[in-house]
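Dear colleague,

I am handing over the structure below, followed by notes on what was found in it. Please read the notes with the coordinates open.

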Amino acid sequence: ALFLRNNSNLYETISGQRIQFCYFDLASDSDLNAKKLEQFNPDILVAPPSMLGYLAGLVSSGRIALKPSKVLSVAEVLEPIDSELIGAAFGSEPGQIYQCTEGFIAYTCAQGSLHFCEDLAIFERQYLGGEPGKFVPIVTDFTRSTQPIIRYWLGDILSDGKGCDCGSVYATIGSVVGRMQDCIVLPAQAGDRRADGVVRILPDSVGRVFLHSGSTRDVISDYQVEQTARDRLVISLPSDLLDSDVQEQIATGIKELCESRGAASPSLSFEPLVRKSDFVIKRRRVQ
């Protein structure tokens, strides 16, 4: 079963005597998709983390019954809190297929490590200053006869991986952190001598503030952070958290994060989170 924004003739070629393939349109009604999925009862479930989280909630609440032997995340960043919630519902952590318009970048092996597809391309690394082990990949693809991809700056932020026991010689990725345009860019503290006078804070660093705020780890995954001005962040939370001490803990966490990175603390405002049922739009918790 494959959940995506668009189907393709390439995907449909999977169907045959040994494999049944079913495409689910993310633009279709989510409840109807869930019922159809339950009837199809796939062995392999492939979907963006936002959809996998929605389905995991239905499974955990007993509204549908699903027991896929493999769950694969695609199209969006799989954050640790999502992986944990999805894994708890389906019995094992989801794997990842990391690809984009520019090509097939990486996949998860049987040991759970995300490996670059180094049989298809070279992945050079442009490391980010002040962020040890974080880099932007520069891709050169050897397989294309049209639309050459030669030293293409991908714009995704990745972290270095470690060795893997699966035996593959292909390099591993620790995690897909997010996109460069999703970094929070704040003025540097007074007296800081950075050439451009700004500090970039990666989206995963912001996410850790929410992950470790209070004892609400099971619900704090539902949030949105938007930078609306050079020194202002708007934080959207579920209504039941706006009147709790979680709001104060988040504010303290953001301040400590900024101080540790040499950034001036932004002004914060909190708003009720409007939950979106539209899975067509890619989820970005930090913008």
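Helix α2 (residues 30-40) packs against helix α3 (residues 49-60) at an angle of about 70°, and their axes are 11 Å apart. Residues are numbered from 1 along each chain as its sequence is written; this is a predicted model, in which local features need pLDDT of at least 70 and side-chain atom pairs count only at pLDDT 80 or more, while totals for chains, interfaces and linings use all residues. Side-chain values use heavy atoms, with hydrogens and water left out.

Helices (H or I, at least four residues) and strands (E, at least two) are DSSP runs, numbered from the N terminus. Axes are lines fitted to C-alpha atoms, for helices over the stretch in contact, and angles run from 0 to 180 degrees between N-to-C directions.

α2 and α3 are therefore roughly perpendicular to each other (65 to 115 degrees). Their crossing is right-handed (the near helix is turned clockwise from the far one by less than a right angle). In the contact (heavy atoms within 4.5 Å), Ser30, Asp31, Ala34 and Leu37 of α2 meet Met51, Tyr54, Leu55 and Leu58 of α3. By class, these residues are 6 nonpolar, 1 polar and 1 charged (Ala, Val, Leu, Ile, Met, Phe, Trp, Tyr, Cys and Pro count as nonpolar, Asp, Glu, Lys and Arg as charged, and the others, Gly among them, as polar).

Asparagine 33 also lies in α2. Asparagine 33 is buried, at a relative accessible area of 7% (buried means under 20%, with a 1.4 Å probe and protein chains only). Leaving aside residues up to four places away in sequence, Asparagine 33 touches Phe3, Phe24, Asp25 and Ser28.

Next, the sheet. It is open and made of 3 strands in the order β15-β16-β17, with mixed pairing (two strands pair if DSSP finds at least two bridges between them). β15 (224-229) and β17 (267-272) are the edge strands, each pairing on one side only. From one strand to the next, the twist averages 25°.

Contributors to the contact include Val206 and Phe210 of α5 and Ile254 and Leu257 of α7.

Regards

Terms used
Angles under 35 degrees count as roughly parallel, over 145 as roughly antiparallel, 65 to 115 as roughly perpendicular and the rest as oblique. Buried means under 20% relative accessible area, exposed over 50%, partly exposed in between (1.4 Å probe, protein chains only).
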